[in-house]
Amino acid sequence: MFHSGQFPEIVFRSSRIEGDSGPLLKGQARRFKVVGKLSVTDLTHEVALSAQVTRRGDRLEVQAGSGFTLSSFKLTRLKFPAFELDDLLTLNLKFNATAQP
């Protein structure tokens, strides 16, 4: 359980980006690793998100993801009569960024 009443937010704060830092041309895609701190409940752990950034004109399409275990944040797995969730939780993000003049 996520205890959302007590811990209403899951926060990721990036600390560094690893990968090629050269210019990203239109239509080009590049992979990066975004390293930072993930806070869930009252615990914080360093995680690395694998990211792909694609440039589409003046817009960047970003997809990133990582996995972590519920138990590493002292969370219990949800159980239902017919099944139980795995301890591994996958976090996937997808967003667009636009250049500002």
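Q: Which residues does E61 touch, not counting residues up to four places away in sequence?

A: A contact here means heavy atoms within 4.5 Å. By that rule, E61 touches Q52, V53, T54, R56, F95 and N96. Before we go on, please note that this is a predicted model, in which local features need pLDDT of at least 70, side-chain atom pairs count only at pLDDT 80 or more, and totals for chains, interfaces and linings use all residues. Residues are numbered from 1 along each chain as its sequence is written, and side-chain values use heavy atoms, with hydrogens and water left out.

Q: Where is E61 found in terms of strands?

A: Strands (E, at least two residues) and helices (H or I, at least four) are DSSP runs, numbered from the N terminus. E61 belongs to strand 4, which covers residues 59-69.

Q: Is E61 buried or exposed, or something in between?

A: Buried means under 20% relative accessible area, exposed over 50%, and partly exposed in between, with a 1.4 Å probe and protein chains only. E61 counts as partly exposed because its relative accessibility is 24%.

Q: How do I read strand pairing, and what is the bridge partner of T54 in strand 4?

A: Two strands pair if DSSP finds at least two bridges between them. Strand 3 and strand 4 run antiparallel and are joined by seven bridges. The partner of T54 in strand 4 is E61. In the hairpin of these strands, two residues lie between them, and G57 takes a positive phi near 70 degrees.

Q: How many bridges pair strand 2 with strand 3?

A: Twelve bridges pair strand 2 with strand 3 (residues 43-56), again in the antiparallel sense. One example is V34, whose bridge partner in strand 3 is L49. This hairpin has two residues between the strands, and T41 takes a positive phi near 55 degrees.

Q: Which salt bridges does E61 form?

A: Side chains of opposite charge can pair when their charged atoms come close. The rule used is a side-chain nitrogen of Lys or Arg within 4 Å of a carboxyl oxygen of Asp or Glu. E61 forms one with R56, the closest N and O atoms being 3.3 Å apart, and one with R59, at 3.1 Å. R56 counts as partly exposed because its relative accessibility is 40%, and R59 is partly exposed at 29%.

Q: How many salt bridges does a search of the whole structure find?

A: The search finds five. Among them is the bridge between E84 and R77, with the closest N and O atoms 3.0 Å apart.

Q: What does a polar atom of the R30 side chain lie 2.9 Å from?

A: A polar contact is a pair of N or O atoms within 3.5 Å; within protein, one must be able to donate a hydrogen and the other to accept it, and residues adjacent in sequence count only if both atoms are side-chain atoms. For R30, the atom in question is the backbone oxygen of G22. R30 is in strand 2 (residues 29-40), and R30 counts as buried because its relative accessibility is 12%.

Q: How many aromatic pairs does a search of the whole structure find?

A: Rings of Phe, Tyr and Trp (its six-membered ring) pair if their centres lie within 6.5 Å; planes under 30 degrees apart count as stacked, over 60 as edge-to-face and the rest as tilted. The search finds two pairs. One of them, F68 with F73, is edge-to-face, at 5.2 Å centre to centre and 80 degrees between the planes. Both F68 and F73 are buried.
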